[in-house]
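Visitor: I have a model open on my screen and I'd like to learn how to read it. Could you walk me through it?

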2 protein chains.
Amino acid sequence: MKKPVNVAVVGATGVVGTALLDILAKRQFPIGTLYPLASHRSAGSTISFKDQKIVVEDVAQFDFAKVDIAWFVTRRSVAADHVPLAAAKGAIVIDNSSQFRYENDVPLVVPEVNPQAAKQPPRNIIANPNCSTIQMVVALKPIYDAVGIERINVATYQAVSGNGRTGVDELSRQVDEIAHGKKPSLELYPTPIAFNVVPHIDVFQENGYTREEMKMLWETRKIFNDDNIKVNATTVRVPVMYGHSEAVHIETRDKITPQQAIELLRNAPGVKVFAGNDYPTAVTHGAGADPVFVGRIREDISHPRGLNLWVVADNVRKGAALNAVQIAELF
Amino acid sequence: MKKPVNVAVVGATGVVGTALLDILAKRQFPIGTLYPLASHRSAGSTISFKDQKIVVEDVAQFDFAKVDIAWFVTRRSVAADHVPLAAAKGAIVIDNSSQFRYENDVPLVVPEVNPQAAKQPPRNIIANPNCSTIQMVVALKPIYDAVGIERINVATYQAVSGNGRTGVDELSRQVDEIAHGKKPSLELYPTPIAFNVVPHIDVFQENGYTREEMKMLWETRKIFNDDNIKVNATTVRVPVMYGHSEAVHIETRDKITPQQAIELLRNAPGVKVFAGNDYPTAVTHGAGADPVFVGRIREDISHPRGLNLWVVADNVRKGAALNAVQIAELF
């Protein structure tokens, strides 16, 4: 029997926060008291949890000594300001932002891949990886363990909900404007996302990659605890509301056949595999679902130890909220 | 001074046919008489050409001895039936379908890449490559010539107009249905394309690739006349009306820096290159434009001789109609 714990959700009114509350309820996470928190602007509003209405409190006024676990599903600047304070008060903080992910004494955890890393976090902070990384490493973990992975070449198809409600609003508004014969207005993205695909997520780095692309390298290495693995990513925003898709091309250390990979993935935690000519898509499988869906597994005919996979998951759930809850469940 | 030639456009009422007529007019192709043709169903309708209305004739009734050049921009079955008859009557046939592309005595031509292949076609038939291949080989040709290319790893983001008007109609209708709270109806594609991405173009092959993916291998080899080049493609339909985008990752024989590649592409025919953090997209550059746009050129940090490029072009124009007109201009 699990002992109830007191928890805080910082960013409770956002897209990921809403999903996180829903997941806590559905998974019957053993909660004593739940404190939904947000920035000053959203404080005073209410959220629903298990048919209760709870008033959202201001994160800046909250005493984190009252909780055992605090999830931060906020923008990076809010995490930078408040995560260290919450951790200092003794709460285990699970942070969804990229603020602390690359610090050596902050574990970066995907429960299906490196649960051991979550034990006794030195600073009381555990980081939740980037959405595009999580679904990829969940799909690749069984293959990595069986035959090793030397190189990953990945192109992504990422949903606008990766930018939270503002991303969803931007796409909805632009589609509506175009339907009414208007020019799409630009608020969030520098170029229209409606009926377009945009190879630009997060800021550009000196080497020509975007930060989103570099995250897939940095985080894959940290999660697999393997600085030899090579990752080449092109990350692209697409006009999809929920669900990231990825064309993943890997080069393994030892040869693995598609059939062997399918068998491994059939038994892998958190994975649902499609064989034959059936495949998952964001709309049919990615939105609102927990698993990482993997299909189109085939030999890469351009490399003697190459394998291709098509990986789909709900970026808000497995890519953020669900993974964050699963991290807490490790305790 | 060019001598006027009599021409036929088979499939003149379709998306590619309409673009082809527009391009013929804009480029002042030296036409004597223009015969727009279509299947029995569309015969009798009219098309516009240089402010003239011309009645569309039935391809099955037409005598191809009357023309010097016949473009076929029809479905594959129509090409299979009528291309050989037209060629036998002495017309040079430029066929946009995949029906004859892989036959040894049918040249497959991209004028910027292998114009010499178009000379004296043995069967009077020249094939126009697949849209996704054309834009890729135009972008890669200068690099191929300079340093060689051993392997191409490509993930595509392909517009619905690749399926002609039925593709554009399917996406429009589904977006409208969703806006009105309805479930998207499926007519052309097996899964919704609105707000989704679908890794399935053309039919599945025994090796798990789709035919669209294999086309990128078969056609790249034939156009470069190089059976050693390796191509690994994942082709994906996206909810974009016009303009294909491609994340192209190449491994060259000799090392080339991004700056060297940018310089080569600046001087390449049919290419417009973006340097720095600027990049093309389907909506801002791909739709209605002639060039192949290349951006996001950066070193592939996962391979000592790797280079990444983002390639965008109008799939209906450079990917089909424009390339077909450029082939005729070689004569």
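Visitor: What rotation and what shift along its axis superpose chain A on chain B?

Guide: Here's the general idea: two copies of a chain are related by a rotation about an axis and a shift along it. In this predicted model, chain A goes onto chain B with a rotation of 180° and 0.0 Å of shift along the axis, at an RMSD of 0.0 Å. The two copies are thus related as by a two-fold rotation axis.

Visitor: How much of the contact surface of chain A recurs in chain B?

Guide: 100% of the contact residues of chain A recur in chain B, so the same surface serves both copies.

Visitor: How many residues does each chain put into the contact?

Guide: Chain A gives 46 residues and chain B gives 46 residues. On the chain A side, elements giving two or more residues include helix 4 (165–179), strand 11 (244–252) and strand 13 (292–299). By class, that side of chain A has 24 nonpolar, 16 polar and six charged residues.

Visitor: Now for a single chain. Into which domains is chain A divided?

Guide: Domain 1 covers 5–129 + 321–329, and domain 2 covers 133–315. Their centres, taken over C-alpha atoms, are 25 Å apart in chain A.

Notes
Residues numbered from 1 in each chain as written. Chains lettered and ligands numbered in written order. Predicted model: local features only at pLDDT ≥ 70, side-chain atom pairs only at ≥ 80, totals over all residues. Contact = placed C-beta atoms within 7 Å. Helix = DSSP H or I, 4+ residues; strand = E, 2+ residues; numbered from the N terminus. Nonpolar A, V, L, I, M, F, W, Y, C, P; charged D, E, K, R; others polar. Domains from an automatic or database assignment. Least-squares fit on C-alpha atoms with pLDDT ≥ 70 in both.
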